[in-house]
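Reader: Hello! Could you take me on a close look at a single part of this model, with the cut-offs spelled out as you go?

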Amino acid sequence: MRLTSIVFEGCEQAAVVTPSGLVPLAHINTHLKKNWPTDMLSLIEHGIDTALAADAAQVNTTIAPNSVKIAPLYRHPRKIWGIGLNYLDHAKDLNAPYPTAPASFMKNDNTIIGPGDTIELPPQSERVTAEAELGLIIGRTCRAVSEQDAVSYLAGYCLIIDMTAEDILQINPRFLTRSKNFDTFFSFGPELITLDEVPDVLGLTVGTYNNGKLHRENQVRNMAFPPDYLVSFHSHVATLYPGDIISTGTPGAVVINAGDVTACRIGGLGTLSNPVAKRDW
C-alpha cells in the first residue's frame with residue numbers, strides 16, 4: 001500500500017494512493033462509516049493494515065494527484081535520526097574517516113518540508129548540499145530490539161532529501177547540529193510505502209539528482225549499516241516511537257544553488273524533488 005498526505009478541504013490529511021487516484025481517509029470514513037484517523041501521524045500511531053487498502057478500493061470517488069498539493073507526510077515526528085557517511089564513497093567525498101559505528105545526528109521538525117516546497121539557502125552559509133536518502137518510518141514503539149526483529153517495527157519507507165550547511169560543518173565537527181537544522185533542510189515524502197511493496201530493500205538504488213542530472217547513486221546493500229541494523233542500534237540508544245524517522249544516509253551530496261531543482265530518486269519507490277532559492281532575510 002502507498003499513502004500520501006494532501007492539502008484538501010483546508011487541511012493536510014492522509015490519502016491512499018490507488019491506480020485510479022487518491023482516496024482521502026475522510027472519504028472512506030464518510031462512505032463506509034469507518035473511523036480511520038485522517039492525518040498521517042495519527043494513522044501510523046493507530047496502525048496501518050491491509051483493511052485500509054480494502055476500504056479504499058470500495059470508494060468510487062477519487063482525486064487526481066495533480067489536482068491537489070502533496071504535503072509532507074506529517075509535520076511533527078518525535079524524533080528524526082540522521083545517519084552520516086553510511087556509504088564509503090560519501091566518506092571519501094568529505095575526506096572523512098569511515099565510521100565504525102553509525103554516525104548519528106538529530107534533526108528538528110522545523111526543518112520539514114514536502115514535495116515541491118522550496119529549500120531556502122540561509123545567509124549564514126555559502127555551501128549547502130542536498131543528499132538523497134532512503135527513510136525508515138517507525139510503526140510501533142521499539143526499544144532494544146534485535147536486528148532480526150527490527151523490520152517488523154517499521155510502518156514503511158519514504159524518500160528524503162537532507163540538507164547540510166557544509167561550510168559550517170567543516171569549520172568544526174561540533175557544529176553538525178547547527179549545520180543540519182536550518183528551516184527547510186529536510187524534505188520527505190511524497191509517499192509512505194508499506195513493507196509489502198518493497199520485497200528487497202537491499203536491492204533499492206538511491207540516487208541524488210540536481211537539475212535532472214544524476215550526481216551519485218548506490219544500492220542500499222552497500223551501506224555500512226543497513227536498515228535493520230540502524231533500527232536495532234538506535235532502539236538501544238533511545239526508545240523509538242510511531243512516526244519517528246531514520247534517514248539512512250546518502251550515496252553522495254550535491255552542492256545546490258538558487259534556481260536549482262534537486263531530487264531523490266529511488267527505483268521502484270518514486271521521486272521527491274524540491275526547488276532551491278536564497279532566503280531573502
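Author: Gladly! Let us start with Asp55, which forms a salt bridge with Lys34, the closest N and O atoms being 2.9 Å apart; a salt bridge here is a side-chain nitrogen of Lys or Arg within 4 Å of a carboxyl oxygen of Asp or Glu. This is a predicted model, where local features need pLDDT of at least 70 and side-chain atom pairs count only at pLDDT 80 or more, while totals for chains, interfaces and linings use all residues. Residues are numbered from 1 along each chain as its sequence is written, and side-chain values use heavy atoms, with hydrogens and water left out.

The structure holds twelve salt bridges. Asp55 sits in helix H3 and Lys34 in the loop between H1 and helix H2 (40-46), so this pair ties together parts that are 21 residues apart in sequence. Helices are DSSP runs of H or I with at least four residues, numbered from the N terminus.

Asp55 also takes part in the packing of helices: Leu25, Ile28 and Leu32 in H1 meet Leu52, Asp55 and Ala56 in H3, contact meaning heavy atoms within 4.5 Å. By class, this contact of H1 with H3 has five nonpolar, no polar and one charged residues (Ala, Val, Leu, Ile, Met, Phe, Trp, Tyr, Cys and Pro count as nonpolar, Asp, Glu, Lys and Arg as charged, and the others, Gly among them, as polar).

As for geometry, the axes of H1 (residues 25-32) and H3 (residues 50-57) come within 10 Å and cross at roughly 70°. Axes are lines fitted to C-alpha atoms, for helices over the stretch in contact, with angles running from 0 to 180 degrees between N-to-C directions. H1 and H3 are therefore roughly perpendicular to each other, a label for angles of 65 to 115 degrees.

Notes. Helix = DSSP H or I, 4+ residues; strand = E, 2+ residues; numbered from the N terminus. Parallel < 35°, antiparallel > 145°, perpendicular 65-115°, else oblique.
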